[in-house]
Amino acid sequence: GDGALKYRRLLVKLSGEALMGQNGYGLDTAVVDRLAADLAGALAEGCEVSVVVGGGNIFRGLQGAARGMDRATADYMGMLATVMNALALQSALEAAGAPARVLSAITMPTVCEPYVRHRALYHLERKRIVIFAAGTGNPFFTTDTAATLRAIEMGCDAVAKATQVDGVYSADPKKDPAAQRYDRLSYSDVLAKDLRVMDGAAIALARDNHLPVIVFSIDEPGNLIKVLRGTARATVIHG
Ligand code: UDP
């Protein structure tokens, strides 16, 4: 049952790097399978789970722009990269026994469903994991902003950003041993201290719509279930 769940409807943001594992590029299928098992476990606990996947393991718009490409075109390539990741995750989820649907903000009906808000809500109610692909569908945005936007549209209780560390620190804990870790932060703390959690647009959107942001480590298997129960070591950003 879902009686023990703190968050009954949660959107998980997975960066492209999270799918890459130790590889320098692309997908590590063993890692994708492990993440899928965690998401399937959350669904089995009774949580309505949706996911926004990044594309940084394949292509980032800023990388293309730095090499002279038109930024908007490069951003569309980045969004297409997220569709590849979404399909890989869907495949792993279905193999793990969790029904999953990919809904893309850039329509490509032979590959996946278009993003239609009511359709996404319908899938969630039918206990399917919804994977949102192609970010917001707009260049000059990020998948962090897409995650916040979709979480608000879906009426999620929170957006959980999966990272390699157990929360938000005052500096990079892998480089600075004096970095201070926060259990809780306000949106304005994040913006004022310029903490590298999500980009400013994503944080501002969360703040304006009172959406809690949970920053947690996905490296530890099973940690997502602890997030759902409110027992994970994580940073919660709220009003
Ligand atoms: N992107 C975009 N609009 C969006 C979301 C993503 O243009 O709404 C592009 C952008 O070029 C970005 C790339 O897609 O660099 C991959 O997304 P992101 O960098 O957010 O992925 P992550 O860092 O989470 O892997």
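## An exposed phenylalanine

Phenylalanine 140 counts as exposed because it has 11 C-beta neighbours inside 10 Å. Phenylalanine 140 sits in the loop between strand 5 (129-133) and helix 6 (143-153). Helices (H or I, at least four residues) and strands (E, at least two) are DSSP runs, numbered from the N terminus.

This is a predicted model: local features need pLDDT of at least 70, side-chain atom pairs count only at pLDDT 80 or more, and totals for chains, interfaces and linings use all residues. Residues are numbered from 1 along each chain as its sequence is written.

## A buried aspartate

Aspartate 75 belongs to helix 4 (residues 71-95). Aspartate 75 counts as buried, because 23 C-beta neighbours lie inside 10 Å. Leaving out residues up to four places away in sequence, aspartate 75 touches Gly61, Pro139 and Phe140. Contact means that the two C-beta atoms, placed from the backbone, lie within 7 Å.

## The annotated site

The "binding site" annotation comes from an unreviewed UniProt entry and includes Gly55, Asp75 and Phe140. The annotated residues span 89 residues in sequence, yet no two of their C-alpha atoms are more than 14.1 Å apart, so they gather at one spot. UniProt positions use the numbering used here, feature names are shortened, and annotations may be inferred rather than shown by experiment.

## Around the ligand

Helix 4 gives the most to the shell around the ligand, with 5 residues.

Conventions: Buried ≥ 20, exposed ≤ 12 C-beta atoms within 10 Å, placed from the backbone.
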